[in-house]
Amino acid sequence: MIERIEKNIFFRFTRIFAWLIIAPAFLVLAYSGYKVLTGFVTGSEAVKVTYEEIKEAMEGSKNPWDVKGESQSFGQSEKDQKRYTKEINEILDIFGNKLDREKGEQVFRTVIMKTDEKDRKQFIKGLISALKKAPNDDRLPNVADTYISLWEVKKTARDMEAASKKADKIVSLWILAGAFAAISVFSLLLVMLAIEKNTRYKMT
């Protein structure tokens with residue numbers, strides 16, 4: 001009598017319960033795996049600032065550069081002084097006599113070196129593109145300053161989004177591991193139930 005109850009009720013109930021765990025766990029496993037894979041594939045996006053964004057931000061602003069001021073020392077190393085000279089000269093050529101060349105070189109070199117190395121080429125390329133699209137007048141320093149400000153805003157937003165995606169990736173990995181463990185445990189339970197059931201059937 002007890003064996004019949006175990007076979008008809010306990011085994012059946014346990015099997016149904018195991019499948020109720022395994023089926024959703026498979027869905028969670030698939031979804032978490034997808035999230036983890038897309039997280040590795042997409043990566044972080046490059047920061048881009050368009051001249052149209054610069055124009056919109058410049059409306060009503062004043063020239064923030066003291067183009068006639070004395071040059072300042074920014075404490076750059078000899079190695080830094082030799083980097084990106086070609087790109088900086090291209091920027092200064094666009095300014096012409098609208099900016100003190102010595103001070104402008106120090107300012108742009110400092111800004112470039114403060115930018116993350118992986119972003120520097122994109123930063124310089126975008127700055128040169130914006131300056132070339134801007135009217136060749138006294139607003140050029142303002143264009144450069146606005147570009148730098150917008151770049152910092154977008155870079156901060158991108159880095160925050162990347163940090164959020166990294167946190168999501170870690171959570172997805174934990175969920176993936178949990179789902180895999182649940183599937184393994186309850187699949188083993190089903191196997192054990194099948195063995196137990198067949199063993200009892202043969203013994204009787």
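Reply: What follows is a short talk through the core, the charged pairs and the surface. This is a predicted model, in which local features need pLDDT of at least 70, side-chain atom pairs count only at pLDDT 80 or more, and totals for chains, interfaces and linings use all residues. Residues are numbered from 1 along each chain as its sequence is written, and side-chain values use heavy atoms, with hydrogens and water left out.

Me: OK, which residues touch the most other members of the largest nonpolar core?

Reply: They are I54, F95, F108, F123, L127, L131 and Y147, out of 30 residues in that core. Such a core is a set of buried Ala, Val, Leu, Ile, Met, Phe, Trp, Tyr and Cys residues joined through side-chain atoms within 4.5 Å, where buried means under 20% relative accessible area, exposed means over 50% and partly exposed lies in between, using a 1.4 Å probe and protein chains only.

Me: And what does I54 contact?

Reply: Setting aside neighbours within four places in sequence, I54 is in contact (heavy atoms within 4.5 Å) with V49, A130, V143, T146, Y147 and L150.

Me: Switching to charges, how many salt bridges are there?

Reply: A search of the whole structure gives eight, a salt bridge being a side-chain nitrogen of Lys or Arg within 4 Å of a carboxyl oxygen of Asp or Glu.

Me: Which residue does R158 pair with at 2.9 Å?

Reply: That partner is D119, with the closest N and O atoms 2.9 Å apart. The pair links distant parts of the chain, since R158 is in helix α7 and D119 is in the loop between α5 and α6, 39 residues apart; helices here are DSSP runs (H or I, at least four residues), numbered from the N terminus. R158 also meets D159 in a salt bridge, at 3.1 Å from N to O.

Me: Are those two, R158 and D159, buried or partly exposed?

Reply: R158 is buried, with a relative accessible area of 9%, whereas D159 is partly exposed at 30%. Both belong to a network of salt bridges that links D116, K118, D119, K155, R158 and D159.

Me: What about K155, where is it?

Reply: K155 is found in helix α7 and is buried, with a relative accessible area of 14%. Not counting residues up to four places away in sequence, K155 touches V47, D116 and D119.

Me: Last topic, which salt bridge does R101 form?

Reply: R101 pairs with D93, the closest N and O atoms being 3.0 Å apart. R101 is partly exposed at 37% relative accessible area, while D93 counts as exposed at 53%.

Definitions and conventions. Helices (H or I, at least four residues) and strands (E, at least two) are DSSP runs, numbered from the N terminus.
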